[in-house]
Amino acid sequence: MANSKYEYVKSFEVEDEVMVPNIVVVRIDGRDFGRFSEAHEFDKPYDAKALHLMNACSMTVLEEFPDIAFAYGFSDEFSFMFKKETKFYQRRASKIYSLIVSFFTSVFVTKWKAFFPQLELRIPPSFQSRVICCASMEVLQAYLTWRQNECHIKNLYATCFWELVKCGKHEIEAKLILKGTQKQEKNELLFQQFGINYKKDVQEIFRQGSCALRKQVEDIVKYQEDGTPVRRRKKKVIILHSENITARSFWNDQRSLSKDVGLFGECIENIKPEYIKSFQFESKLMPSTWIVIRIDGCHFHRFCDAHGFDKPNDVQALNLMNSCAVSVVEEFKDIVFAYGVSDEYSFVLKKDSLLYERHASEIVSAIVSLFSSIYMTKWKEFFPKKDLKYPPYFDGRCICYPSSMILQDYLAWRQVDCHINNQYNTCFWMLVKSGKSKTESQNCLKGTQTREKNEMLSKFGIDYHNLPAIFRHGSSVFWDKEETKSECGTEGAVEKYRKKVVVEHCNIIDTSFWKAHPTILEDEDNQCCQALGTSTCS
């Protein structure tokens, strides 16, 4: 990131390293998946194809990230356990949970057609994620016991509930029948009224959930000339189902788990969720501060090369990013402004926002997941002739700024960075296109200042200031008023307005932009000061 007088804003970023010897667990949960299930008419109580899709996504996550040793999931959730000695992204919680949920989301969209070939995605799926710090193997064992117990309790209830509904009961009536019933009573209800033996007739994927792990298997690597297969043992990610995933008979028999994570002791009974929840790596953001969520593409240089993006800037790729940002702003009404450049976007939430009770992980993961989902679903709209070779993903972080002035300096910092990087990249790629190697081009630009780069571009017939504003200024996304029509009333013509999200490419360092749009960063402190006739509190 470029140096500028605005760099001081980085001091507001908070370190969130998960300290050793804590075992890192990332749990993802479907965001508003009740609505998603209804929109796609999933089978009740559970849709087998949807669960197999979730399992396939978890397997791909393990294949992509070798530091993940084990995963357990049911319904719309999955928990990923990292190796105990992992140094994955320096064990930074926000980096870890955001990129895992982003990648999982992108894979979910990628694999959708494989499991639902006749069904189009009607709304983009998204998930939320968080980190659980398991201080010991006992805590990890208790956590997994808790999640599998939840799987059993929820599935048994849902099976009873939907059998009652299918036989003609109203949903409210079915809830009343099941209210206060215990496990044995639900099993008896299923058997006596519907002839269902819960343990024998209900699929294990519903009752037990699913485990994803690596196992040594014999795989065919090639064939000899006579057609004889050549087999070698290799680690492969597989899905297993077990009645008790924390029993020593299951866990300790998986060599990779005992080596990479550790050994379990005797089975734990009477798990208290409150005890497990105390290990959640959660921070509640300071009240009355501007919340900024910044997302960045992971390994996007490689992604751009793989998909043949234009250098130094690909207009369609930038327009795709902007379209995703617009959708995110429309979804989360607390976002008042967004600024993007290249493969990054910053989303500003209003100062008094209570979104997800200001829990950092829930806000960051929801935004980065939805952004990833929309990026996937809109790809063909912007690149109709290009197929996605592999799913992109993003990471995110959260920063709080106490005043409008510091927030504006943050946004100015990002725009200065946009200008410096774009000017450098424009020069670099013009030199490369003229025949110089990348190393020679870097040497030519080493130590050059703005004026020298402009002179260099002029030799290629380029006036930097005439380049498209989207390259030089980046993109600003915000709610603006749109005049619809005038209506005649008793007091004359009345102008009607409605709000819409707009994308502009303007200079946000200049205060004239903020003066022209005073309501964007409006807050209660400023309103109080203006009412008193004093200067703004920022």
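This is a predicted model: local features need pLDDT of at least 70, side-chain atom pairs count only at pLDDT 80 or more; totals for chains, interfaces and linings use all residues.
β1 (23-30), α1 (33-39), α2 (48-64), α4 (137-166) and α5 (171-178) each put at least two residues into the lining of the second largest pocket; helices are DSSP runs of H or I with at least four residues, strands are E runs of at least two, and both are numbered from the N terminus. Numbering starts from 1 along each chain as its sequence is written, and side-chain values use heavy atoms, with hydrogens and water left out.

Back to that second largest pocket: its volume is about 770 Å³, meaning the space filled by probe spheres set on grid points joined across faces, edges and corners. A pocket is an open set of points on a 1 Å grid over the protein atoms alone, where a 1.4 Å probe fits, with protein on both sides within 12 Å along at least five of seven lines, and lining residues have an atom within 4 Å of a point. Of its 30 lining residues, Ser-37, Pro-45, Tyr-46, Ser-75 and Asp-76 lie nearest the centre. α4 supplies the largest share, 7 residues. The lining splits into 13 nonpolar, 4 polar and 13 charged (Ala, Val, Leu, Ile, Met, Phe, Trp, Tyr, Cys and Pro are nonpolar, Asp, Glu, Lys and Arg charged, the others, Gly among them, polar).

Now for the largest pocket, at about 1,200 Å³. It has 42 lining residues, with His-301, Ser-342, Asp-343, Asn-421 and Asn-425 nearest its centre. The top contributor is α15, with 8 residues, and the classes come out at 18 nonpolar, 12 polar and 12 charged.

α15 (404-433) also packs against its neighbours. With α16 (residues 438-445) the angle is about 135° and the axes are 9 Å apart; axes are lines fitted to C-alpha atoms over the stretch in contact, with angles from 0 to 180 degrees between N-to-C directions. On the α15 side, the contact (heavy atoms within 4.5 Å) includes Tyr-424 and Trp-429.

α17 (residues 450-459) crosses α15 at roughly 35°, with axes coming within 10 Å. Tyr-424 of α15 is in this contact too, along with residues including Lys-453 of α17.
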